[in-house]
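Hi,

Here's the structure I said I'd pass on.

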Amino acid sequence: MKSFTKLCSRSLSTAALWKTHSSVRFYQIDLGKVASTFAIPSLTSFQNKALEVVSSSENDKDVLIQAPLYSGKTLSYLIPTFEVVTKAIREERWKERPGFRALIIVPSREAALAVGRQVDQYINSLPESERPNISVEKPSLEVYNRNASIKQGHEIIEEYNDYEAYEHSQTRRENVYGLSYAITCGGKSLEKEITLLDASEPEIIIATPGRLLEHLKNSDYFRNVKIVIVDDCSMLKGSMASMMDQIFTPENISPNAKRIFINDTEGVFSKFLRNSENVEVLTSEETITKHNVKQSIIKTQNTAEQLKVLYGILSENKHKKVAVFGDSAKIIHAHYLMAENNLFSSLISSRISPTRAMTAFSYFNELENGIAFCSNIACPMNPNVDLVIHLDAPATQQVYEARVSRAYGKSNSQSIVLISSSTQNVPEYLSSVSSSPAPSGSNSEFVIKPLRVAKVHQENGYYLLLNLVTKYAESEIDKKAAVENAITTLKELGFSEDLPKISRHTAIKVGFEKEFLEAGLLMP
């Protein structure tokens with residue numbers, strides 16, 4: 001098997017083995033309309049190459065795409081997907097139950113929503129005759145079946161949770177013409193998703209790994225897929241990596257389905273290629289034209305001052321669209337502290353209920369101005385933010401750039417890193433960014449106090465304590481000092497006599513049982 005590094009070393013100019021430049025290529029989709037829909041002058045050379053390679057019926061190779069942040073990589077696989085699916089719809093329109101053609105796997109619910117928004121944008125630009133009709137009401141489990149135990153000819157009957165599921169061998173397309181899509185991800189009812197899949201039979205499905213596995217374990221509905229795309233492969237680590245191992249089995253994904261892997265920087269997904277000797281590698285160094293983002297760092301003495309400076313910046317920029325990024329626990333606490341001071345915002349975090357996070361995410365994307373407190377899961381939001389604020393510098397440059405890219409779509413946009421000198425030094429990757437001390441004597445009206453909702457105060461305090469202790473321990477101070485520093489920071493965040501306590505089991509797990517006990521922070 002060729003190494004991924006060797007595969008990537010092949011140039012774009014020699015990657016394709018079939019001729020395309022000697023003749024005019026005709027596509028099913030209107031590329032001019034695609035460009036205007038997504039507000040770009042035209043497709044980049046990289047996007048054109050991806051379209052050429054992926055949509056060619058003469059080229060059945062799997063594809064590896066390497067593209068930098070904000071280079072139009074999402075469109076580099078969506079546009080070929082539109083072409084492949086549109087062609088299939090027109091060729092197979094009257095075919096009995098053709099099933100869906102494209103499966104797009106993304107790392108998070110928020111990424112699924114962001115990709116879905118672009119698919120929806122394209123569908124809405126199509127002539128009415130090519131859009132899906134209004135969804136047809138169908139029984140919730142018709143077509144979609146859960147590994148039925150009784151098979152009678154073309155009919156499947158099964159008892160499941162006090163209701164029966166049926167599948168009939170008959171065309172379901174008579175009322176659902178045109179390109180359609182569905183998003184399947186955690187945070188929504190599985191049964192409602194089943195209803196959606198059954199009623200609309202979408203050509204494109206956008207899924208997160210966990211929810212996709214739930215469907216795959218219960219149905220062979222997904223085996224009809226013609227093309228499988230995995231976006232941001234480098235983010236699918238840990239438990240999600242093991243999920244991908246379960247997804248890419250012959251029982252779940254047809255061995256004939258073309259695979260497209262985006263930014264598999266470590267070559268992990270090469271094991272899912274159909275033939276590692278027969279792969280197209282497309283790389284791009286180009287980025288879409290963007291406005292320069294003004295970057296700065298403000299150093300504060302401690303967390304309390306950091307929050308006061310944050311309050312002042314947000315108060316001055318209420319007329320803009322602002323995203324505040326940071327660790328989940330600190331972001332949640334800052335969000336509620338701002339509300340206690342009558343500065344209201346949306347909250348997008350993996351630590352709140354999925355439904356609430358998804359609703360806030362969609363709502364914030366529609367706003368012309370407003371504030372959202374976001375953990376890193378919100379990085380896939382549309383790039384239309386005027387100001388990005390980092391509550392502490394992110395650990396890596398990759399995360400920092402992912403956050404800042406959310407401001408590329410606006411002119412005169414800014415990125416401000418708020419660093420508490422008592423807890424963090426300026427990381428090396430930000431050494432060239434200008435820094436300044438916090439303005440003195442400002443925002444005296446901002447009050448830090450215990451949160452009004454005691455349950456939120458205590459539960460979030462629990463996670464704050466764990467995060468702070470771990471963070472301080474990583475700075476190579478001893479465990480006792482790490483706990484003492486964490487307590488100091490908690491008091492700066494509004495915890496006084498009501499410091500959160502940790503269970504003995506958790507304290508042992510993180511290796512701080514003795515230190516928590518001595519500090520009086522162990523649960524009885």
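Below are some notes on a sheet and a pocket.

A bit of housekeeping: this is a predicted model, where local features need pLDDT of at least 70, side-chain atom pairs count only at pLDDT 80 or more, and totals for chains, interfaces and linings use all residues. Residues are numbered from 1 along each chain as its sequence is written, and side-chain values use heavy atoms, with hydrogens and water left out.

Let's start with the sheet. Seven strands make up an open, parallel sheet, in the order β13-β14-β12-β15-β16-β11-β17. (Strands are DSSP runs of E, at least two residues long, numbered from the N terminus; two of them pair if DSSP finds at least two bridges between them.) At the edges sit β13 (346-348) and β17 (435-437), each pairing on one side only. Inside the sheet order, β12 (residues 321-325) runs parallel to β15 (residues 387-391), and four bridges join them. Look for V324, which stands opposite I389 in β15.

Now the second largest pocket. (A pocket is an open set of points on a 1 Å grid over the protein atoms alone, where a 1.4 Å probe fits, with protein on both sides within 12 Å along at least five of seven lines; lining residues have an atom within 4 Å of a point.) This pocket is lined by 20 residues, and S55, S56, S57, V84 and K226 lie nearest its centre. Which helix gives the largest share of the lining? That's α5, with four residues. (Helices are DSSP runs of H or I, at least four residues long.)

Cheers
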